Amino acid sequence: LKAKMDSNQDRIRKDDFAVEIKNLDLCIHGNRIFDRLSFEVRRGQKIAIIGPSGSGKHSIFKVLLNLF
(Lines give C-alpha, C1' and ligand atoms only; values in the text may rest on other atoms or scores of the structure.)
Protein backbone atom coordinates (compact mmCIF):
# COMPACT_ATOMS: atom_id res chain seq x y z
CA LEU A 1 0.00 0.00 0.00
CA LYS A 2 1.46 3.34 -1.03
CA ALA A 3 0.23 6.90 -0.84
CA LYS A 4 1.56 9.13 -3.59
CA MET A 5 1.68 12.76 -2.50
CA ASP A 6 2.66 15.92 -4.30
CA SER A 7 6.05 17.26 -3.24
CA ASN A 8 5.25 20.78 -2.05
CA GLN A 9 7.90 21.41 0.61
CA ASP A 10 6.62 24.73 2.06
CA ARG A 11 6.68 25.39 5.78
CA ILE A 12 4.05 23.18 7.38
CA ARG A 13 1.98 24.26 10.38
CA LYS A 14 -0.17 21.88 12.42
CA ASP A 15 -3.40 23.55 11.21
CA ASP A 16 -2.37 22.97 7.56
CA PHE A 17 -3.40 19.32 7.83
CA ALA A 18 -6.84 18.14 6.76
CA VAL A 19 -6.01 14.57 7.87
CA GLU A 20 -3.33 13.33 10.23
CA ILE A 21 -3.08 9.64 11.14
CA LYS A 22 -0.40 8.44 13.56
CA ASN A 23 0.39 4.84 14.47
CA LEU A 24 -2.94 3.37 13.38
CA ASP A 25 -3.34 -0.32 14.16
CA LEU A 26 -6.33 -2.14 12.70
CA CYS A 27 -7.30 -5.78 13.05
CA ILE A 28 -10.48 -7.21 11.56
CA HIS A 29 -11.61 -10.69 12.60
CA GLY A 30 -8.10 -11.46 13.81
CA ASN A 31 -6.42 -10.29 10.58
CA ARG A 32 -3.97 -7.41 10.94
CA ILE A 33 -4.78 -4.79 8.30
CA PHE A 34 -2.50 -1.97 9.49
CA ASP A 35 0.44 -1.97 11.86
CA ARG A 36 1.45 1.58 12.94
CA LEU A 37 0.22 3.24 9.74
CA SER A 38 1.00 6.98 9.72
CA PHE A 39 0.37 9.67 7.12
CA GLU A 40 -0.60 13.32 6.78
CA VAL A 41 -2.61 15.11 4.09
CA ARG A 42 -2.32 18.88 3.87
CA ARG A 43 -5.27 21.11 3.03
CA GLY A 44 -5.64 21.32 -0.74
CA GLN A 45 -3.19 18.47 -1.32
CA LYS A 46 -4.16 15.75 -3.78
CA ILE A 47 -3.19 12.18 -3.04
CA ALA A 48 -3.79 8.78 -4.58
CA ILE A 49 -4.04 5.61 -2.52
CA ILE A 50 -2.81 2.76 -4.70
CA GLY A 51 -2.18 -0.92 -4.10
CA PRO A 52 -3.35 -4.38 -5.01
CA SER A 53 -6.75 -5.74 -4.11
CA GLY A 54 -6.96 -6.51 -0.41
CA SER A 55 -4.13 -4.17 0.65
CA GLY A 56 -6.33 -1.96 2.86
CA LYS A 57 -7.26 1.00 0.63
CA HIS A 58 -10.97 0.75 1.40
CA SER A 59 -10.24 0.22 5.11
CA ILE A 60 -8.43 3.58 5.29
CA PHE A 61 -11.58 5.35 4.15
CA LYS A 62 -13.78 3.34 6.50
CA VAL A 63 -11.57 4.41 9.41
CA LEU A 64 -11.69 8.06 8.30
CA LEU A 65 -15.50 7.90 8.12
CA ASN A 66 -15.72 6.14 11.52
CA LEU A 67 -17.30 3.05 9.99
CA PHE A 68 -15.22 0.69 12.14
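Of the 68 residues in the protein, 24% are buried, where buried means under 20% relative accessible area, exposed means over 50%, and partly exposed lies in between (1.4 Å probe, protein chains only). The structure is a predicted model, in which local features need pLDDT of at least 70 and side-chain atom pairs count only at pLDDT 80 or more, while totals for chains, interfaces and linings use all residues. Residues are numbered from 1 along each chain as its sequence is written, and side-chain values use heavy atoms, with hydrogens and water left out.

The protein contains one helix and four strands, and their order along the sequence is β-β-β-β-α. These elements are DSSP runs numbered from the N terminus, with helices (H or I) of at least four residues and strands (E) of at least two. Contacts are defined by heavy atoms within 4.5 Å. Among the contacts with a separation of 6 or more, 52% join residues 24 or more positions apart. The protein exposes about 5500 Å², of which carbon and sulfur atoms supply 49%. Accessible areas come from the Shrake-Rupley method with a 1.4 Å probe, and for residues only the protein chains shown count as cover.

The largest nonpolar core consists of nine residues, namely Ile 21, Leu 24, Leu 26, Phe 34, Leu 37, Phe 39, Val 41, Ile 60 and Val 63. Strand E2 (17–28), strand E3 (31–42) and H1 each give two or more residues to this core, and E3 gives the most, with four. A nonpolar core is a set of buried Ala, Val, Leu, Ile, Met, Phe, Trp, Tyr and Cys residues joined through side-chain atoms within 4.5 Å. One of the core residues, Val 41, touches Phe 17, Ala 18, Val 19 and Ile 47, when residues up to four places away in sequence are not counted.

Helix H1 spans residues 57–64. Its buried residues are Ser 59, Ile 60 and Val 63. Seen down the axis of H1, these buried residues fall within an arc of 105°, so they line one face of the helix; the arc is that of the directions from the helix axis to the C-beta atoms. The buried residues of H1 pack against E2, E3 and strand E4 (47–50). Leu 64, also in H1, is partly exposed, with a relative accessible area of 35%. Together with Phe 61, Leu 65 and Leu 67, Leu 64 forms a nonpolar patch on the surface, with about 410 Å² of accessible area in total. Patches are made of residues with over 30% relative accessible area and no salt bridge; like charges are joined within 9 Å, and nonpolar side chains (Val, Leu, Ile, Met, Phe, Trp, Tyr) within 5 Å.

Backbone angles were also considered. Most residues other than glycine have a negative phi. Just after H1, Asn 66 takes a positive phi of about 55°. His 29, which is not a glycine, has a positive phi of about 50°. His 29 lies in the loop between E2 and E3 and counts as exposed, at 78% relative accessibility. Arg 36, again not a glycine, has a positive phi of about 60°. Arg 36 belongs to strand E3 and is exposed, with a relative accessibility of 60%. Leaving aside neighbours within four places in sequence, Arg 36 is in contact with Asn 23, Leu 24 and Asp 25. The C-alpha atoms of Arg 36 and Asp 25 are 5.3 Å apart, although the two residues are 11 residues apart in sequence.

Charged pairs complete the description. Side chains of opposite charge can pair when their charged atoms come close. A search of the whole structure finds two salt bridges, each defined as a side-chain nitrogen of Lys or Arg within 4 Å of a carboxyl oxygen of Asp or Glu. In one of them, the side chains of Lys 22 and Glu 20 meet at 3.5 Å, N to O. Lys 22 is exposed, with a relative accessible area of 55%, whereas Glu 20 is partly exposed, at 30%. A salt bridge is also formed by Arg 32 and Asp 35, whose closest N and O atoms are 3.9 Å apart. Arg 32 counts as partly exposed, at 49% relative accessibility, and Asp 35 is exposed, with a relative accessible area of 53%.
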